Amino acid sequence: MSMLSTVCRNLFGGPATLMYPVKPREPYARARGHVEFNEDLCNQCGNCARRCPAVAIELNKEKKEWILYPDRCIICEVCADNCPKDAIIIAPKWRAPFTVRERIVMHSKAVKEKGAAESGT
Amino acid sequence: MAPRTITPFGPQHPVLPEPIQLKLVLEDERVVDVLPAIGYGHRGIEKACELNEYPKNIYLCERICGICSAIHGMTYCDVVEKLWPLEIPPRAKYLRTIWAEMSRTHSHLLWLGLLSDAFGFESMFMQYWRIREKVLNILEITAGHRVTQSVSIVGGVRRDIDDDQKKHCIEVLKDVRQEVAALNNVLVNDYTVKARTVGKGVLSYDQAIALGNCGPHLRASGVKEDCRTQGYWAYGELAFEPIVATGGDSFSRAAVRIGETIQAIDLQLEAFGKMPEGEIAAKPKGNPPANEATSRVEQPRGEVFYYAKGNGTRNLERLRVRTPTYANIPSLLVMLPGCEMADVPIIVLSIDPCISCTER
(Lines give C-alpha, C1' and ligand atoms only; values in the text may rest on other atoms or scores of the structure.)
Protein backbone atom coordinates (compact mmCIF):
# COMPACT_ATOMS: atom_id res chain seq x y z
CA MET A 1 0.00 0.00 0.00
CA SER A 2 2.81 2.43 0.77
CA MET A 3 4.11 1.99 -2.77
CA LEU A 4 0.81 3.45 -4.05
CA SER A 5 1.98 7.07 -4.33
CA THR A 6 5.04 6.01 -6.35
CA VAL A 7 2.92 3.72 -8.54
CA CYS A 8 0.38 6.48 -9.28
CA ARG A 9 3.11 8.98 -10.06
CA ASN A 10 4.75 6.53 -12.46
CA LEU A 11 1.46 5.50 -14.07
CA PHE A 12 0.61 9.03 -15.10
CA GLY A 13 4.11 10.43 -15.40
CA GLY A 14 5.24 8.76 -18.61
CA PRO A 15 8.31 6.56 -19.13
CA ALA A 16 11.53 7.43 -17.34
CA THR A 17 13.65 6.50 -20.34
CA LEU A 18 14.31 8.73 -23.32
CA MET A 19 13.12 7.62 -26.78
CA TYR A 20 16.61 7.78 -28.22
CA PRO A 21 17.45 8.22 -31.20
CA VAL A 22 14.03 9.70 -31.99
CA LYS A 23 14.49 12.12 -29.08
CA PRO A 24 18.21 12.76 -28.52
CA ARG A 25 19.56 13.84 -25.13
CA GLU A 26 20.39 17.52 -25.26
CA PRO A 27 23.67 18.23 -23.46
CA TYR A 28 23.65 20.65 -20.53
CA ALA A 29 25.27 24.03 -21.05
CA ARG A 30 28.36 23.55 -18.90
CA ALA A 31 28.83 19.82 -19.33
CA ARG A 32 32.26 18.73 -20.48
CA GLY A 33 31.87 16.80 -23.74
CA HIS A 34 34.71 17.06 -26.22
CA VAL A 35 37.79 19.14 -26.93
CA GLU A 36 37.63 21.83 -29.64
CA PHE A 37 40.76 23.53 -30.83
CA ASN A 38 40.96 26.88 -32.62
CA GLU A 39 44.05 26.94 -34.83
CA ASP A 40 43.94 30.72 -35.32
CA LEU A 41 44.45 31.47 -31.64
CA CYS A 42 47.12 28.99 -30.57
CA ASN A 43 50.63 30.38 -30.05
CA GLN A 44 52.35 27.10 -29.08
CA CYS A 45 53.01 28.17 -25.50
CA GLY A 46 52.76 24.55 -24.33
CA ASN A 47 50.69 25.12 -21.17
CA CYS A 48 48.10 22.55 -22.23
CA ALA A 49 50.68 19.85 -22.94
CA ARG A 50 52.49 20.46 -19.66
CA ARG A 51 49.34 20.46 -17.50
CA CYS A 52 47.43 17.60 -19.14
CA PRO A 53 47.09 14.82 -16.51
CA ALA A 54 46.61 12.15 -19.17
CA VAL A 55 49.54 13.20 -21.43
CA ALA A 56 47.05 13.54 -24.28
CA ILE A 57 48.47 16.68 -25.91
CA GLU A 58 51.80 16.95 -27.70
CA LEU A 59 53.38 19.89 -29.44
CA ASN A 60 55.79 19.79 -32.35
CA LYS A 61 57.40 23.21 -32.24
CA GLU A 62 59.33 22.89 -35.57
CA LYS A 63 56.25 21.98 -37.57
CA LYS A 64 53.94 24.15 -35.38
CA GLU A 65 51.70 21.15 -34.80
CA TRP A 66 49.25 20.64 -31.94
CA ILE A 67 48.52 16.95 -31.56
CA LEU A 68 45.71 15.46 -29.51
CA TYR A 69 45.39 11.78 -28.60
CA PRO A 70 41.62 11.47 -28.09
CA ASP A 71 41.82 7.97 -26.59
CA ARG A 72 43.94 9.31 -23.72
CA CYS A 73 41.89 12.44 -23.12
CA ILE A 74 39.72 12.36 -19.97
CA ILE A 75 37.88 15.64 -20.77
CA CYS A 76 38.97 17.22 -17.49
CA GLU A 77 39.18 20.80 -18.93
CA VAL A 78 42.62 21.51 -17.42
CA CYS A 79 43.96 22.42 -20.89
CA ALA A 80 41.14 24.88 -21.49
CA ASP A 81 41.54 26.41 -18.01
CA ASN A 82 45.25 27.04 -18.58
CA CYS A 83 45.21 28.25 -22.20
CA PRO A 84 46.13 31.95 -22.16
CA LYS A 85 44.62 32.53 -25.61
CA ASP A 86 41.41 30.46 -25.14
CA ALA A 87 42.37 28.36 -28.14
CA ILE A 88 40.96 25.22 -26.50
CA ILE A 89 37.37 25.07 -25.38
CA ILE A 90 35.44 22.11 -24.07
CA ALA A 91 32.12 21.84 -25.87
CA PRO A 92 29.10 20.25 -24.13
CA LYS A 93 28.18 17.53 -26.65
CA TRP A 94 29.80 14.20 -25.76
CA ARG A 95 32.36 12.97 -28.30
CA ALA A 96 31.28 10.23 -30.68
CA PRO A 97 32.81 6.76 -30.19
CA PHE A 98 35.79 5.93 -32.37
CA THR A 99 37.15 2.56 -33.42
CA VAL A 100 40.69 3.46 -34.52
CA ARG A 101 43.28 5.01 -32.22
CA GLU A 102 44.31 8.00 -34.30
CA ARG A 103 45.91 11.21 -33.25
CA ILE A 104 44.39 14.51 -34.31
CA VAL A 105 46.99 16.89 -35.78
CA MET A 106 46.24 20.61 -35.96
CA HIS A 107 48.43 23.54 -36.99
CA SER A 108 48.90 26.55 -34.73
CA LYS A 109 48.58 29.75 -36.69
CA ALA A 110 49.25 32.46 -34.14
CA VAL A 111 52.89 31.64 -33.36
CA LYS A 112 55.18 34.68 -33.21
CA GLU A 113 58.45 34.04 -35.08
CA LYS A 114 61.83 35.08 -33.71
CA GLY A 115 63.58 37.59 -36.01
CA ALA A 116 61.93 40.03 -38.41
CA ALA A 117 62.36 38.06 -41.67
CA GLU A 118 59.25 35.81 -41.38
CA SER A 119 55.90 36.54 -39.91
CA GLY A 120 53.68 33.65 -38.73
CA THR A 121 51.17 32.38 -41.29
CA MET B 1 30.07 -33.70 11.97
CA ALA B 2 28.79 -32.62 8.56
CA PRO B 3 31.39 -32.53 5.76
CA ARG B 4 32.82 -29.11 5.03
CA THR B 5 32.98 -27.61 1.56
CA ILE B 6 34.64 -24.46 0.34
CA THR B 7 32.54 -22.37 -2.02
CA PRO B 8 34.02 -19.29 -3.63
CA PHE B 9 31.80 -16.22 -3.42
CA GLY B 10 33.17 -13.84 -6.01
CA PRO B 11 35.17 -12.27 -7.51
CA GLN B 12 32.50 -12.43 -10.21
CA HIS B 13 29.04 -12.70 -8.69
CA PRO B 14 25.78 -11.17 -9.87
CA VAL B 15 25.12 -9.48 -6.55
CA LEU B 16 28.58 -8.06 -5.95
CA PRO B 17 29.21 -4.57 -7.28
CA GLU B 18 32.96 -5.08 -7.27
CA PRO B 19 35.41 -7.98 -7.27
CA ILE B 20 36.22 -9.47 -3.90
CA GLN B 21 36.64 -13.14 -3.28
CA LEU B 22 35.31 -14.71 -0.11
CA LYS B 23 35.95 -18.42 0.17
CA LEU B 24 33.07 -19.62 2.33
CA VAL B 25 33.73 -22.71 4.39
CA LEU B 26 30.29 -24.32 4.57
CA GLU B 27 28.80 -27.10 6.62
CA ASP B 28 25.60 -27.93 4.70
CA GLU B 29 24.14 -24.43 4.28
CA ARG B 30 25.76 -22.76 7.26
CA VAL B 31 28.91 -20.66 6.97
CA VAL B 32 31.60 -21.76 9.38
CA ASP B 33 34.54 -19.67 8.27
CA VAL B 34 35.46 -17.04 5.68
CA LEU B 35 38.75 -16.67 3.82
CA PRO B 36 38.87 -13.33 1.97
CA ALA B 37 41.09 -12.59 -1.00
CA ILE B 38 41.47 -9.11 -2.43
CA GLY B 39 43.75 -7.75 -5.12
CA TYR B 40 41.56 -8.00 -8.19
CA GLY B 41 41.39 -4.26 -8.66
CA HIS B 42 44.86 -3.07 -7.66
CA ARG B 43 46.21 -0.46 -10.05
CA GLY B 44 49.17 1.02 -8.18
CA ILE B 45 47.63 4.47 -7.83
CA GLU B 46 49.69 5.46 -4.79
CA LYS B 47 52.92 4.81 -6.70
CA ALA B 48 51.59 6.60 -9.78
CA CYS B 49 50.88 9.63 -7.58
CA GLU B 50 54.58 9.89 -6.75
CA LEU B 51 55.50 10.01 -10.44
CA ASN B 52 53.11 12.85 -11.31
CA GLU B 53 53.24 16.54 -10.48
CA TYR B 54 50.94 17.31 -7.59
CA PRO B 55 48.12 19.11 -9.52
CA LYS B 56 47.71 16.15 -11.85
CA ASN B 57 47.17 13.71 -8.97
CA ILE B 58 43.69 15.10 -8.35
CA TYR B 59 42.49 13.37 -11.51
CA LEU B 60 44.20 10.12 -10.51
CA CYS B 61 42.78 10.15 -7.01
CA GLU B 62 39.28 10.76 -8.30
CA ARG B 63 39.52 7.61 -10.33
CA ILE B 64 40.30 5.47 -7.29
CA CYS B 65 36.54 4.95 -7.18
CA GLY B 66 33.66 5.93 -9.39
CA ILE B 67 31.03 6.23 -6.70
CA CYS B 68 32.98 8.21 -4.12
CA SER B 69 35.07 10.04 -6.70
CA ALA B 70 34.20 13.64 -5.79
CA ILE B 71 35.24 13.23 -2.18
CA HIS B 72 38.50 11.48 -3.08
CA GLY B 73 39.48 14.45 -5.22
CA MET B 74 38.49 16.94 -2.54
CA THR B 75 40.32 15.06 0.22
CA TYR B 76 43.47 14.97 -1.89
CA CYS B 77 43.24 18.72 -2.35
CA ASP B 78 42.57 19.12 1.36
CA VAL B 79 45.63 17.13 2.42
CA VAL B 80 47.93 18.91 -0.07
CA GLU B 81 46.59 22.29 1.10
CA LYS B 82 47.57 21.35 4.64
CA LEU B 83 51.22 20.99 3.58
CA TRP B 84 51.64 24.77 3.26
CA PRO B 85 49.09 25.27 5.08
CA LEU B 86 46.81 27.04 2.60
CA GLU B 87 43.44 28.46 3.62
CA ILE B 88 40.68 28.20 1.02
CA PRO B 89 38.00 30.89 0.61
CA PRO B 90 34.66 30.40 2.46
CA ARG B 91 32.65 30.07 -0.74
CA ALA B 92 34.93 27.26 -1.87
CA LYS B 93 34.30 25.46 1.44
CA TYR B 94 30.55 25.65 0.91
CA LEU B 95 30.83 24.52 -2.71
CA ARG B 96 32.94 21.56 -1.68
CA THR B 97 30.38 20.66 1.00
CA ILE B 98 27.52 20.88 -1.49
CA TRP B 99 29.23 18.65 -4.01
CA ALA B 100 30.32 16.22 -1.30
CA GLU B 101 26.75 15.85 -0.07
CA MET B 102 25.44 15.54 -3.62
CA SER B 103 27.95 12.73 -4.09
CA ARG B 104 26.79 11.12 -0.86
CA THR B 105 23.15 11.30 -1.99
CA HIS B 106 23.85 9.55 -5.26
CA SER B 107 26.06 6.96 -3.57
CA HIS B 108 23.46 6.03 -0.97
CA LEU B 109 20.73 5.88 -3.61
CA LEU B 110 22.96 3.52 -5.57
CA TRP B 111 23.45 1.35 -2.51
CA LEU B 112 19.76 1.29 -1.67
CA GLY B 113 19.09 0.14 -5.22
CA LEU B 114 21.72 -2.59 -4.94
CA LEU B 115 20.32 -3.76 -1.61
CA SER B 116 16.84 -4.03 -3.08
CA ASP B 117 18.25 -5.91 -6.06
CA ALA B 118 20.01 -8.32 -3.70
CA PHE B 119 16.65 -9.37 -2.26
CA GLY B 120 15.25 -9.70 -5.75
CA PHE B 121 13.15 -6.53 -5.33
CA GLU B 122 14.10 -5.38 -8.80
CA SER B 123 11.38 -2.82 -9.23
CA MET B 124 12.60 -0.96 -6.14
CA PHE B 125 16.12 -1.03 -7.60
CA MET B 126 14.82 0.61 -10.75
CA GLN B 127 12.89 3.23 -8.76
CA TYR B 128 15.89 4.24 -6.65
CA TRP B 129 18.10 4.49 -9.70
CA ARG B 130 15.49 6.51 -11.55
CA ILE B 131 15.64 9.05 -8.74
CA ARG B 132 19.42 8.84 -8.76
CA GLU B 133 19.40 9.95 -12.41
CA LYS B 134 18.02 13.31 -11.26
CA VAL B 135 20.92 13.72 -8.84
CA LEU B 136 23.43 12.75 -11.53
CA ASN B 137 21.85 15.32 -13.84
CA ILE B 138 22.32 18.16 -11.34
CA LEU B 139 25.89 16.98 -10.83
CA GLU B 140 26.39 17.26 -14.58
CA ILE B 141 24.80 20.70 -14.74
CA THR B 142 26.90 22.14 -11.91
CA ALA B 143 30.16 20.18 -12.01
CA GLY B 144 30.46 19.10 -15.64
CA HIS B 145 30.42 15.32 -15.43
CA ARG B 146 28.04 12.82 -13.86
CA VAL B 147 30.79 10.65 -12.36
CA THR B 148 34.42 11.83 -11.75
CA GLN B 149 33.32 15.43 -11.42
CA SER B 150 36.82 17.03 -11.25
CA VAL B 151 35.64 20.18 -9.52
CA SER B 152 38.28 20.54 -6.88
CA ILE B 153 41.75 22.04 -7.29
CA VAL B 154 44.45 22.69 -4.74
CA GLY B 155 43.34 26.01 -3.33
CA GLY B 156 39.59 25.75 -3.83
CA VAL B 157 37.24 24.73 -6.60
CA ARG B 158 37.33 25.27 -10.36
CA ARG B 159 33.72 26.17 -10.97
CA ASP B 160 31.08 28.28 -9.39
CA ILE B 161 27.34 27.60 -9.12
CA ASP B 162 25.42 30.60 -10.46
CA ASP B 163 21.94 31.64 -9.36
CA ASP B 164 20.05 29.85 -12.15
CA GLN B 165 21.83 26.59 -11.47
CA LYS B 166 21.26 27.05 -7.73
CA LYS B 167 17.52 27.55 -8.23
CA HIS B 168 17.30 24.48 -10.45
CA CYS B 169 19.29 22.36 -7.97
CA ILE B 170 17.06 23.36 -5.07
CA GLU B 171 13.93 22.44 -7.06
CA VAL B 172 15.36 19.06 -8.06
CA LEU B 173 16.57 18.32 -4.52
CA LYS B 174 13.15 19.03 -3.01
CA ASP B 175 11.57 16.73 -5.57
CA VAL B 176 14.15 14.01 -4.91
CA ARG B 177 13.62 14.31 -1.15
CA GLN B 178 9.90 13.73 -1.49
CA GLU B 179 10.29 10.72 -3.78
CA VAL B 180 13.05 9.13 -1.70
CA ALA B 181 11.06 9.54 1.52
CA ALA B 182 8.13 7.69 -0.09
CA LEU B 183 10.34 4.80 -1.20
CA ASN B 184 12.16 4.61 2.12
CA ASN B 185 8.85 4.06 3.86
CA VAL B 186 8.29 0.99 1.72
CA LEU B 187 11.73 -0.47 2.32
CA VAL B 188 11.68 0.03 6.07
CA ASN B 189 8.17 -1.36 6.63
CA ASP B 190 8.21 -4.31 4.25
CA TYR B 191 7.86 -7.72 5.91
CA THR B 192 10.21 -9.55 3.51
CA VAL B 193 12.92 -6.92 3.81
CA LYS B 194 12.77 -7.14 7.58
CA ALA B 195 12.82 -10.95 7.50
CA ARG B 196 16.00 -10.88 5.44
CA THR B 197 17.86 -8.17 7.28
CA VAL B 198 16.82 -8.07 10.94
CA GLY B 199 19.20 -10.11 13.09
CA LYS B 200 21.58 -10.86 10.22
CA GLY B 201 25.24 -10.00 10.60
CA VAL B 202 25.01 -8.61 14.12
CA LEU B 203 27.93 -6.63 15.48
CA SER B 204 27.87 -5.29 19.01
CA TYR B 205 29.13 -1.86 20.07
CA ASP B 206 32.40 -3.25 21.43
CA GLN B 207 33.01 -5.53 18.48
CA ALA B 208 32.46 -2.66 16.03
CA ILE B 209 35.05 -0.52 17.79
CA ALA B 210 37.54 -3.37 18.25
CA LEU B 211 37.37 -4.30 14.55
CA GLY B 212 38.10 -0.73 13.49
CA ASN B 213 34.90 -0.15 11.52
CA CYS B 214 33.99 3.25 10.19
CA GLY B 215 31.10 5.11 8.64
CA PRO B 216 27.47 3.96 8.57
CA HIS B 217 28.66 0.42 9.41
CA LEU B 218 30.01 1.71 12.73
CA ARG B 219 27.09 4.02 13.41
CA ALA B 220 24.66 1.13 12.98
CA SER B 221 26.19 -0.54 16.03
CA GLY B 222 25.43 2.45 18.21
CA VAL B 223 28.77 4.27 18.02
CA LYS B 224 28.27 8.00 17.49
CA GLU B 225 31.31 8.66 15.35
CA ASP B 226 31.36 10.77 12.18
CA CYS B 227 34.27 12.71 10.66
CA ARG B 228 31.97 15.57 9.76
CA THR B 229 31.70 16.49 13.44
CA GLN B 230 35.29 17.82 13.12
CA GLY B 231 33.76 20.78 11.30
CA TYR B 232 35.97 20.80 8.19
CA TRP B 233 34.84 22.75 5.11
CA ALA B 234 31.39 24.15 5.86
CA TYR B 235 30.18 21.40 8.20
CA GLY B 236 31.02 23.48 11.26
CA GLU B 237 28.39 26.01 10.25
CA LEU B 238 25.64 23.58 9.27
CA ALA B 239 23.26 21.86 11.66
CA PHE B 240 24.73 18.38 11.55
CA GLU B 241 24.26 15.45 13.93
CA PRO B 242 25.43 11.90 13.12
CA ILE B 243 22.64 9.39 12.54
CA VAL B 244 22.99 6.37 14.80
CA ALA B 245 21.08 3.09 15.06
CA THR B 246 21.45 0.53 17.82
CA GLY B 247 20.57 -2.84 16.25
CA GLY B 248 24.00 -3.68 14.85
CA ASP B 249 22.41 -5.81 12.12
CA SER B 250 21.91 -5.32 8.39
CA PHE B 251 18.58 -3.62 8.98
CA SER B 252 20.23 -0.98 11.17
CA ARG B 253 22.85 -0.35 8.52
CA ALA B 254 20.14 0.16 5.94
CA ALA B 255 18.29 2.47 8.32
CA VAL B 256 21.40 4.61 8.91
CA ARG B 257 22.00 5.03 5.20
CA ILE B 258 18.34 5.78 4.57
CA GLY B 259 18.51 8.52 7.20
CA GLU B 260 21.76 9.84 5.78
CA THR B 261 20.29 10.18 2.29
CA ILE B 262 17.60 12.52 3.55
CA GLN B 263 20.13 14.27 5.80
CA ALA B 264 22.46 14.85 2.84
CA ILE B 265 19.65 16.52 0.88
CA ASP B 266 18.80 18.69 3.88
CA LEU B 267 22.44 19.68 4.34
CA GLN B 268 22.68 20.70 0.68
CA LEU B 269 19.56 22.84 0.94
CA GLU B 270 20.93 24.48 4.07
CA ALA B 271 24.33 25.08 2.47
CA PHE B 272 22.71 26.64 -0.61
CA GLY B 273 20.92 29.06 1.69
CA LYS B 274 23.99 30.01 3.72
CA MET B 275 26.65 30.12 0.99
CA PRO B 276 28.59 33.44 1.08
CA GLU B 277 29.72 35.36 -1.99
CA GLY B 278 33.39 35.65 -2.84
CA GLU B 279 36.36 33.99 -4.44
CA ILE B 280 36.34 30.31 -5.29
CA ALA B 281 40.06 29.53 -5.19
CA ALA B 282 43.29 30.65 -3.53
CA LYS B 283 46.55 30.36 -5.44
CA PRO B 284 49.20 28.17 -3.77
CA LYS B 285 52.66 29.77 -3.64
CA GLY B 286 55.49 27.66 -5.03
CA ASN B 287 55.93 23.95 -4.53
CA PRO B 288 54.52 21.96 -1.61
CA PRO B 289 56.98 22.40 1.27
CA ALA B 290 58.89 19.52 2.88
CA ASN B 291 56.15 18.70 5.36
CA GLU B 292 53.69 15.97 6.30
CA ALA B 293 49.92 16.29 6.51
CA THR B 294 46.91 14.08 7.16
CA SER B 295 43.25 14.49 6.37
CA ARG B 296 40.20 12.56 7.59
CA VAL B 297 37.03 13.08 5.61
CA GLU B 298 33.68 11.32 5.73
CA GLN B 299 33.05 9.50 2.48
CA PRO B 300 29.72 7.80 1.81
CA ARG B 301 31.24 4.55 3.05
CA GLY B 302 33.06 5.88 6.07
CA GLU B 303 36.23 7.62 7.07
CA VAL B 304 38.86 8.05 4.36
CA PHE B 305 42.32 8.88 5.61
CA TYR B 306 44.88 10.59 3.39
CA TYR B 307 48.52 11.11 4.28
CA ALA B 308 50.77 13.27 2.11
CA LYS B 309 54.45 14.04 2.39
CA GLY B 310 55.98 16.83 0.36
CA ASN B 311 59.66 17.33 -0.34
CA GLY B 312 59.88 20.82 -1.82
CA THR B 313 59.53 19.65 -5.43
CA ARG B 314 56.41 19.61 -7.58
CA ASN B 315 56.07 15.85 -7.01
CA LEU B 316 54.87 14.47 -3.69
CA GLU B 317 57.25 12.21 -1.84
CA ARG B 318 54.47 9.89 -0.67
CA LEU B 319 50.71 9.67 -0.77
CA ARG B 320 48.93 7.09 1.33
CA VAL B 321 45.20 6.47 1.17
CA ARG B 322 43.30 4.34 3.69
CA THR B 323 39.79 3.92 2.39
CA PRO B 324 36.76 3.01 4.55
CA THR B 325 36.03 -0.40 3.04
CA TYR B 326 39.60 -1.43 3.85
CA ALA B 327 38.67 -0.94 7.50
CA ASN B 328 35.25 -2.56 7.19
CA ILE B 329 36.24 -5.83 5.49
CA PRO B 330 37.68 -7.51 8.64
CA SER B 331 34.23 -7.24 10.21
CA LEU B 332 32.98 -9.71 7.59
CA LEU B 333 35.12 -12.39 9.21
CA VAL B 334 33.15 -11.91 12.41
CA MET B 335 29.70 -11.38 10.92
CA LEU B 336 29.58 -14.18 8.37
CA PRO B 337 30.41 -17.29 10.45
CA GLY B 338 27.13 -18.66 11.79
CA CYS B 339 24.89 -17.26 9.08
CA GLU B 340 23.22 -19.20 6.28
CA MET B 341 24.56 -19.15 2.75
CA ALA B 342 21.57 -17.21 1.45
CA ASP B 343 22.30 -14.40 3.91
CA VAL B 344 25.87 -13.93 2.72
CA PRO B 345 25.08 -11.51 -0.17
CA ILE B 346 22.96 -9.28 2.05
CA ILE B 347 25.56 -9.12 4.80
CA VAL B 348 28.40 -8.43 2.36
CA LEU B 349 26.38 -5.69 0.67
CA SER B 350 25.39 -4.17 3.97
CA ILE B 351 28.93 -2.96 4.63
CA ASP B 352 28.69 -1.12 1.26
CA PRO B 353 31.86 -2.64 -0.17
CA CYS B 354 33.84 -0.47 -2.54
CA ILE B 355 36.66 -2.74 -3.55
CA SER B 356 38.17 -0.36 -6.10
CA CYS B 357 38.68 2.04 -3.20
CA THR B 358 40.17 -0.72 -1.05
CA GLU B 359 42.71 -1.76 -3.58
CA ARG B 360 43.48 1.48 -5.43
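Reader: At what angle do helix H4 (residues 90-119) of chain B and helix H5 (residues 122-143) of chain B pack?

Author: Axes are lines fitted to C-alpha atoms, for helices over the stretch in contact, and angles run from 0 to 180 degrees between N-to-C directions. Helices (H or I, at least four residues) and strands (E, at least two) are DSSP runs, numbered from the N terminus. In this predicted model, local features need pLDDT of at least 70, side-chain atom pairs count only at pLDDT 80 or more, and totals for chains, interfaces and linings use all residues. Residues are numbered from 1 along each chain as its sequence is written, while chains are lettered from A and ligands numbered from 1 in the order in which they are written. Here the angle is about 160°, and the two axes lie 8 Å apart. H4(B) is therefore roughly antiparallel to H5(B) (an angle over 145 degrees).

Reader: Which residues of H4(B) and H5(B) make the contact?

Author: Two residues are in contact if their C-beta atoms, placed from the backbone, lie within 7 Å. H4(B) contributes residues including Trp99(B), Met102(B) and Leu109(B), and H5(B) residues including Phe125(B), Trp129(B) and Arg132(B).

Reader: How many residues does each chain give to the contact between chain B and chain A?

Author: Chain B gives 15 residues and chain A gives 14 residues. On the side of chain B, H6(B) supplies the largest share, five residues.

Reader: In what sense do strand E1 (residues 4-9) of chain B and strand E2 (residues 21-27) of chain B pair?

Author: Strands pair if DSSP finds at least two bridges between them. E1(B) and E2(B) are antiparallel over six bridges, with Val25(B) as the bridge partner of Ile6(B). E2(B) also runs antiparallel to strand E3 (residues 30-37) of chain B, joined by seven bridges.

Note on methods. Angles under 35 degrees count as roughly parallel, over 145 as roughly antiparallel, 65 to 115 as roughly perpendicular and the rest as oblique.
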